[in-house]
Structures are given as structure tokens and as C-alpha cells.
Amino acid sequence: GSTAKEEKANNNNNNNSDGNDDDVSDANSNNNNKDQRHKPVDFVVALHACGDLSDMALSFASSHSCDFIVCPCCYVKRYLAPFTPHWHTFCTHQEVDSLSRLVELDDQREVSRRAMLVVNSMRRNAFEEREDEDGVVDGRKRQETKVKRKRRVVLEEFDNRISRRNIALVGTVVSS
């Protein structure tokens, strides 16, 4: 679907517009918006990223080689079938299900916290493992740039009075 500005610009072009400056500025404004969508991504923030959305944010950050902070929550929610988070390859389907349910045990805070640490440690490891895969495009190895970039990912835990889902994955790109 096109926007109202695009339709107005198209109608003006088709109707031999009278050259009104408003028509031109609308068309130019729309072109600037298109250019904005293609700017590189500098940082990914995913707060309260339910279920697979956390893993999609990590995947997005990896594909754009940018820094990120991801605060997962709602570990049992699966939104993005057929997407399978990479950390699921570290354990069986039954173990994934069990860990996800343990995280949600709000009445057993320490069990929930430990399960979050396990899941997010696997996310971190899966993300770091994917770094080797990122250099491959269409089955061919990308040309290396002068500066080789690696990612450092840490788990940060903040005060659980702010949120019970209080673990964040923080990733930074470092040059080596």
C-alpha cells in the first residue's frame, strides 16, 4: 500500500501539477523517508522481548554487526514459527520446554533465576557460535576487512525489584 503523500505525488505527476511548492515538498519528504529506512543500524534495544523476540533481536544484531542490549521475558511464548532459536540446538525439545517453564516459576524465585541464567547463557553461547556463520554469504566466504570484528556478550543482572525478568544480554563489537 502506498501512503497518502505517495498517492498525492503520483496524482500530481499524472495530472501535470501546477508546480505548487507544497506538492514538491511532499514528494521530497517522502523520498527522504525512504532513504532513512536504509541507514545502517547502530544499536539494537529489546526490552521486555517476549519469548522468541529476544532471539530475533539477537539475530538482527548479529546480521547488522551492531551493539545491543536484550532483556528477555515470557520465556514460554513462541511467536515466530517456524523460527527456531539457535540456543535450542544445545538441548532437547523437552529440556527447552522444562527450562522455559522453570523460568516462569515466580513463587520460586531462586529456581526461576537459575533457569534464566542457564537459558541466557545458552543464548550468549549460541550468539558467539553464530559469529563463525556470519562470514558466509550465499555459500561463499565474505572478503575480510582490514579490521576483524568480534563480539563480546555479557549477562547483566539488575535489581529484581525493577523486574523479575532481570537479566539482560549486552553485546558490544570490539576490534582486534
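The side chain of Asn166 makes a polar contact with the side chain of Arg109, at 2.9 Å. (Polar contact here is a pair of N or O atoms within 3.5 Å; within protein, one must be able to donate a hydrogen and the other to accept it, and residues adjacent in sequence count only if both atoms are side-chain atoms.) A polar atom of the Asn166 side chain also sits 2.6 Å from the backbone oxygen of Phe158. Bear in mind that this is a predicted model, where local features need pLDDT of at least 70, side-chain atom pairs count only at pLDDT 80 or more, and totals for chains, interfaces and linings use all residues. Residues are numbered from 1 along each chain as its sequence is written, and side-chain values use heavy atoms, with hydrogens and water left out.

Where is Asn166 found? Look in the loop between β5 (149–157) and β6 (167–175); helices (H or I, at least four residues) and strands (E, at least two) are DSSP runs, numbered from the N terminus. Asn166 is buried, at 3% relative accessibility, where buried means under 20% relative accessible area, exposed over 50%, and partly exposed in between (1.4 Å probe, protein chains only). Leaving aside residues up to four places away in sequence, Asn166 touches several others, including Met116, Glu156 and Asp159 (contact means heavy atoms within 4.5 Å).

Now for the cysteines. The whole structure has zero disulfides, a disulfide being a pair of cysteine sulfur atoms within 2.5 Å. Two of the cysteines show why:

| Cysteine | Closest cysteine sulfur | Distance |
|---|---|---|
| Cys71 | Cys73 | 9.2 Å |
| Cys74 | Cys50 | 3.5 Å |

Both distances are too far for a bond. Cys71 is buried at 11% relative accessibility, and Cys74 is buried too, with a relative accessible area of 18%.

Cys71 is the bridge partner in β2 of Leu47. Strand β2 (residues 67–73) is mostly covered, with five of its seven residues buried. Seven bridges join β2 to strand β1 (residues 43–50), and the two run parallel; strands pair if DSSP finds at least two bridges between them. Together with helix α3 (residues 52–63), these strands make a right-handed β-α-β unit.

Zooming out, the chain has five helices and six strands. Of its 176 residues, 31% count as buried. Among contacts between residues at least 6 apart in sequence, 63% join residues at least 24 apart.

Key: A crossover is right-handed if, with the strands pointing away from the viewer, the path from the first strand over the helix to the second runs clockwise.
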